[in-house]
Amino acid sequence: MSSSSLQWFDRARAVTPGGVNSPVRAFAAVGGTPRFMRSGSGAWLTDVDGATYVDLVCSWGPMLLGHAHPGVLAAVGDAIARGTSYGTPTTTEVELAEEIVARTPVELVRLVSSGTEATMSAIRLARGFTGRDLVVKFAGCYHGHVDSLLAQAGSGLATLGVSSTPGVPASAAAQTIVLPYNDRAAVDAAFAEHGDSIACLITEASPGNMGVVPPQPGFNAFLAETCTRHGALFVSDEVMTGFRVSRSGQWGTDGAVEGWTPDLMTFGKVMGGGFPAAAFGGRADVMAMLSPQGPVYQAGTLSGNPVATAAGLATLRYADEAVYARVDEVASVISQAASKELDAAGAPHRLQTNGNMFSIFFGDLPPVTDYATAQTQDTDAFKAFFHAMLDQGVYLPPSAFEAWFCSSAHNDRAVQHVLDALPTAARAAASTGRAR
Ligand SMILES: Cc1ncc(COP(=O)(O)O)c(C=O)c1O
């Protein structure tokens with residue numbers, strides 16, 4: 001069925017480690033052959049065998065408007081016709097920065113090429129600004145493959161971290177304190193012990209990288225207040241949520257309502273419109289420390305690339321209230337229907353949502369508030385569900401620890417295609433794993 005994908009996967013493995021350029025694409029968590037995609041249009045992907053899928057990955061978040069959106073393609077085509085990179089300032093990057101500043105509380109913003117670069121640079125800036133070295137992060141939050149952020153908890157709650165992958169020096173991981181998410185007592189303990197040395201706390205504004213695990217009410221406000229009290233910076237990572245869960249991202253639904261502001265924020269995905277563009281920004285006095293205005297060095301040959309910024313700018317300009325309303329509606333219909341069918345099939349699960357992001361934790365488990373709980377999910381049931389959906393032409397994230405993403409291009413036909421696939425997949429989940 002996926003014979004060309006199999007052939008391409010063999011070719012890929014001969015020249016690329018694991019055959020992919022980002023690990024989760026390899027289907028290692030679900031087994032089987034990753035589909036090599038040839039094209040995308042609206043809500044649909046077509047693979048090299050010509051099979052079509054309703055896409056619920058959306059490039060892991062960026063494709064808020066769906067694939068090959070005509071307005072974005074026109075903006076990109078226009079930009080490309082004028083050359084693809086100059087290494088000079090351009091007007092589009094200013095307009096994209098203005099759009100970001102208009103939608104979020106950041107006062108100044110610097111464009112980079114990936115979310116990893118954004119968080120890496122934000123942390124360097126926080127260290128440069130505070131003159132401190134330690135970083136606090138939460139287990140299960142992913143901020144890209146930055147050395148000091150690939151750490152896991154040490155032996156005690158407030159102790160320094162250890163590397164979570166070979167290749168990260170122990171000294172880099174030891175600059176990071178890793179805490180359980182949503183755990184105020186752990187945050188208090190870490191700041192009580194190390195408060196004077198903490199440069200920043202970085203958190204996903206609402207985690208989507210351990211499945212969807214929203215902050216408990218007031219948790220982000222508590223983090224912001226704790227950081228301020230200890231002279232540390234609060235870095236809200238909105239690479240995934242930014243411009244997706246609302247026009248102002250997660251901050252639009254919590255900070256803007258509760259009256260607090262992160263010191264620094266990181267963005268990516270949607271703001272690049274499917275191209276490599278990301279950003280970090282925040283308080284003017286902190287951002288002023290950045291080279292060439294200040295002493296903290298940061299640079300990039302392709303930063304603010306004219307094609308990427310044209311795609312991002314067009315995407316944000318098309319992302320109006322109607323777009324967010326449609327994405328919210330699609331996510332609600334699909335997630336509720338999935339949960340209903342799983343109930344009907346007798347497959348225990350927990351649906352977790354954060355606006356238009358959602359994921360389903362399989363198994364009989366309590367509300368998932370942290371990574372330790374997320375790890376107790378029944379990944380075999382997810383695998384069965386995933387493959388049954390794939391066989392019926394629905395492309396889900398190939399891992400149980402990922403959010404599902406919808407777009408405004410998911411029209412009624414695409415949504416119905418997903419709904420029609422659910423009963424079979426729900427039965428597959430019910431007959432596998434711990435549910436059996
Ligand atoms: C919250 C968050 N931060 C940072 C990153 C890293 O972004 P990139 O993959 O563009 O380096 C990701 C990627 O998924 C992310 O979800």
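**A mixed sheet and its helices**

Seven strands form an open sheet, in the order 4-12-11-10-9-5-8, and their pairing is mixed. This is a predicted model, in which local features need pLDDT of at least 70 and side-chain atom pairs count only at pLDDT 80 or more, while totals for chains, interfaces and linings use all residues. Residues are numbered from 1 along each chain as its sequence is written, and side-chain values use heavy atoms, with hydrogens and water left out.

**The sheet**
- Strands (E, at least two residues) and helices (H or I, at least four) are DSSP runs numbered from the N terminus, and two strands pair if DSSP finds at least two bridges between them.
- The edges are strand 4 (108-112) and strand 8 (176-179), each of which pairs on one side only.
- Strand 5 (residues 134-138) pairs with strand 9 (residues 198-204) in the parallel sense over three bridges, and Leu134 has Ile198 in strand 9 as its bridge partner.

**A helix across the sheet**
- Helix 3 (residues 91-103) lies across strand 4, strand 11 (264-267) and strand 12 (278-282), and runs at about 130 degrees to strand 4; axes are lines fitted to C-alpha atoms, for helices over the stretch in contact, and angles run from 0 to 180 degrees between N-to-C directions.

**Two crossing helices**
- The axes of helix 13 (residues 379-391) and helix 14 (residues 412-430) come within 8 Å and cross at roughly 145 degrees.

Definitions and conventions
Contact = heavy atoms within 4.5 Å.
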